[in-house]
Amino acid sequence: MVAQELALRYPHRVERLVLACTSSGGAGGSSYPLHELVNLPIEEVARQQITVTDTRWKEEA
């Protein structure tokens, strides 16, 4: 959002802007709530990150 704000305030300084790893947010596709990982044990953080970033990962039932 910082880059977008810069482009809005100083359009004469920005020729191009690439937004990568973004999400529209809201009910239609919000980003993963990373703040929920803060107090988890490191093993659980790793498991959560794998399930979010690797679509091939399947949880054992």
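Student: Happy to start. How many helices and how many strands does the protein have?

Tutor: Good place to begin, and keep in mind that this is a predicted model. Helix 1 covers residues 2-9, and helix 2 covers residues 42-53. The count for the protein is 2 helices and 0 strands.

Student: What percentage of the residues is buried?

Tutor: A residue counts as buried when its relative accessible area is under 20%. The protein has 61 residues, and its accessible surface comes to about 5,900 Å². Carbon and sulfur atoms account for 56% of that surface. The buried share of the residues is 7%.

Student: Now the charged pairs. How many salt bridges does the structure hold?

Tutor: One of them joins glutamate 5 and arginine 9. Another pairs arginine 16 with glutamate 15, and arginine 47 forms one with glutamate 44. The number of salt bridges in the structure is 3.

Student: Why are glutamate 5 and arginine 9 separated by about one helical turn?

Tutor: Their side chains meet in a salt bridge, at 2.9 Å from N to O. Both residues sit in helix 1, and they are about one helical turn apart because their spacing along it is 4 residues.

Student: What is the corresponding N and O distance for arginine 47 and glutamate 44?

Tutor: These two belong to helix 2, where they are 3 residues apart, about one helical turn. Arginine 47 is partly exposed, at 30% relative accessible area. Glutamate 44 is also partly exposed, at 24%. Their closest N and O atoms are apart by 2.6 Å.

Student: Let me ask about the loop. What is the C-alpha separation of glutamine 49 and leucine 34?

Tutor: Leucine 34 lies in the loop between helix 1 and helix 2, and at 56% relative accessibility it is exposed. Glutamine 49 is in helix 2, and its relative accessible area of 42% makes it partly exposed. Along the sequence they are 15 residues apart, while from C-alpha to C-alpha the separation is 9.3 Å.

Student: Which distance separates the C-alpha atoms of leucine 34 and glutamine 48?

Tutor: We stay with leucine 34, the loop residue. Glutamine 48 is 14 residues away from leucine 34 along the chain, and their C-alpha atoms are separated by 9.7 Å.

Notes. Residues numbered from 1 in each chain as written. Predicted model: local features only at pLDDT ≥ 70, side-chain atom pairs only at ≥ 80, totals over all residues. Heavy atoms only, no water. Buried < 20%, exposed > 50% of the residue type's maximum accessible area, 1.4 Å probe, protein only. Areas by Shrake-Rupley, 256 points an atom, 1.4 Å probe, with all protein chains shown as cover. Salt bridge = Lys/Arg side-chain N within 4 Å of Asp/Glu carboxyl O.
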